Amino acid sequence: MNHAHVLAYFADDPTRSYQLIQWLPVLEQLDHQHPVEIVARDGDTAELLGCWTRLPITLAPSFAELTQVYADSDAKVVLYCNNSMLNFHSLLDGRKLHVHINHGESDKQSMASNNAKAYDRVFVAGEAAVRRHEAGLLEFDTSRLVRTGRPQLDLRPPAVLEPSTRRTVLYAPTWEGDAEYNDYTSVDTLGAEIVRAVLGVPDVRLVYKPHPKVTTSQVEAIRAAHAHILALVAEARRRDPEAGHMAVTAGDILAVMPDCDAMITDVSSVGLDWLYLRTDKPIFITDRHHDAERLRQEVPVSRCADVLAEVVVSELTALVAARLEYDEHHLARVAMRHHYFDDLQVGDSTTRFLESVSALVALRDRLVGGPGLGEAITA
């Protein structure tokens with residue numbers, strides 16, 4: 001019998017693997033308290049994850065194979081970092097506690113999904129996420145929500161940017177989403193103009209770090225706009241090699257943020273990561289849908305940022321330069337950080353996460369009458 005206490009279930013292909021990869025260092029810490037095993041459903045994903053972690057990985061492509069893995073396991077808690085349709089294969093097991101941990105904290109509509117009702121617990125960052133679920137879902141039991149902060153933000157990945165005497169402005173757009181309602185990207189609408197505007201700010205280094213799925217997008221407009229942005233950055237480097245302008249198309253954005261002085265992004269988890277880690281630095285949020293009131297109501301972080309619905313290059317150049325000199329939204333961001341992340345400081349989220357999982361491991365054993373009584377899922 002497999003003696004893992006916790007399973008990290010991931011059913012998707014490698015293009016979505018970033019969702020679990022960001023959790024791996026946290027899960028490795030959890031492994032010291034409760035043995036963790038990854039269960040993958042896609043062979044290429046399993047191979048890729050093996051390059052990122054020492055945790056054991058079990059591949060179960062078919063439902064029958066998953067059933068056997070669970071029959072051979074006495075795992076007590078299953079963690080899910082997304083809402084893949086194949087999660088329901090795993091959720092059929094009624095003798096484990098199922099916990100949705102997500103892969104970020106953002107104000108995207110998909111963050112308060114009716115799928116939350118399928119899990120025994122939903123780990124969320126703080127007050128903003130609780131309100132999001134209350135407002136977005138009918139007949140949802142909010143007692144299932146557990147505030148754990150954002151453990152990934154406690155990590156300190158090695159820096160990827162070279163030191164610079166210039167001020168660094170990060171442009172970090174999100175991808176187009178999997179449906180129109182969840183499309184917040186600025187890549188194909190404002191991306192090139194944003195890049196031109198930042199390149200025009202004196203004594204600034206531009207860093208372009210798109211969402212991983214921008215680089216693999218099958219949408220022609222996104223692919224063309226991304227290529228255009230890369231060309232603009234390359235041309236800027238050619239004209240002024242000493243400036244250090246660069247595109248970072250792979251790796252962890254959390255390794256980029258510490259060396260940046262301002263960020264332009266879309267409605268996404270990246271903006272809230274910045275709010276948590278770089279509260280004292282300005283942020284700009286794009287509004288693809290040109291709906292200022294909706295943005296204000298549904299995306300609270302926009303209230304402590306400069307919002308970009310349209311871009312006139314010369315005006316944005318001047319605005320970015322002004323914010324680098326005087327950041328009038330600083331105090332508002334301090335208050336907004338509390339709204340999203342309670343009073344958590346760096347390190348607190350990991351502690352909460354580990355304690356919350358441990359509590360659920362103990363709860364599962366109490367519910368089934370003790371360890372070793374897990375049962376297999378059935379079709």
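Q: Which strands does helix α13 lie across, and at about what angle does it run to β6?

A: Helix α13 lies across β1, β4, β5 (97-100), β6 and β7, and its direction makes about 170° with that of β6. Contact here means heavy atoms within 4.5 Å. Axes are lines fitted to C-alpha atoms, for helices over the stretch in contact, and angles run from 0 to 180 degrees between N-to-C directions. Helices (H or I, at least four residues) and strands (E, at least two) are DSSP runs, numbered from the N terminus. Bear in mind that this is a predicted model: local features need pLDDT of at least 70, side-chain atom pairs count only at pLDDT 80 or more, and totals for chains, interfaces and linings use all residues. Residues are numbered from 1 along each chain as its sequence is written, and side-chain values use heavy atoms, with hydrogens and water left out.

Q: In what order do the strands of the seven-stranded sheet come?

A: Strands of a sheet pair through backbone hydrogen bonds, either parallel or antiparallel. Two strands count as paired if DSSP finds at least two bridges between them. Here the seven strands form an open sheet with parallel pairing, in the order β3-β2-β1-β4-β5-β6-β7. Because β3 and β7 each have a single partner strand, they stand at the edges, and one side of each is left without a neighbour in the sheet. On average, neighbouring strands are turned by 25° against each other, direction ignored.

Q: How many bridges join β1 to β2, and how many join β1 to β4?

A: Five bridges pair β1 with β2 in the parallel sense, with F10 opposite A40 in β2. Four bridges join β1 to β4, again running parallel, and V6 faces V77 in β4. Further out, β2 pairs with strand β3 (residues 57-59) over three parallel bridges, where I38 stands opposite I57. Between these two strands the chain passes through α3, and this β-α-β crossover is right-handed. To picture that, point the strands away from you: the path from the first strand over the helix to the second runs clockwise.

Q: Are the residues of strand β2 buried or exposed?

A: Buried means under 20% relative accessible area, exposed over 50%, and partly exposed in between (1.4 Å probe, protein chains only). In β2 (residues 36-40), five of its five residues are buried. V36, I38 and A40 point one way, while E37 and V39 point the other way. Helix α2 (residues 24-31) lies across β1, β2 and β4, at about 135° to β2.

Q: What does T45 touch, if residues up to four places away in sequence are not counted?

A: T45 touches F10, D12, D13 and P14. T45 lies in helix α3 (residues 43-50) and is buried, with a relative accessible area of 0%. For another buried residue, look at S356 in helix α13 (residues 348-368), with 15% relative accessibility. Beyond its neighbours within four places in sequence, S356 is in contact with F123, V146 and T148.

Q: How many aromatic pairs does a search of the whole structure find?

A: Rings of Phe, Tyr and Trp (its six-membered ring) pair if their centres lie within 6.5 Å; planes under 30 degrees apart count as stacked, over 60 as edge-to-face and the rest as tilted. The search finds seven pairs. One of them is Y9 with Y80, a tilted pair at 5.6 Å centre to centre and 55° between the planes. This pair links distant parts of the chain: Y9 is in strand β1 (residues 6-10) and Y80 in strand β4 (residues 77-80), 71 residues apart. Y9 is buried at 1% relative accessible area, and Y80 is buried at 0%. Together with Y119, Y9 and Y80 form one aromatic cluster.

Q: What order do the strands of the six-stranded sheet follow?

A: The six strands form an open sheet in the order β10-β9-β8-β11-β12-β13, with parallel pairing. Its edge strands are β10 (246-247) and β13 (306-308), each pairing on one side only. Five bridges join the parallel strands β8 (residues 167-172) and β9 (residues 204-208), and L170 stands opposite V207 in β9. Helix α9 (residues 269-277) packs on this sheet, touching β8, β11 (262-265) and β12 (283-286), and its direction makes about 160° with that of β11.
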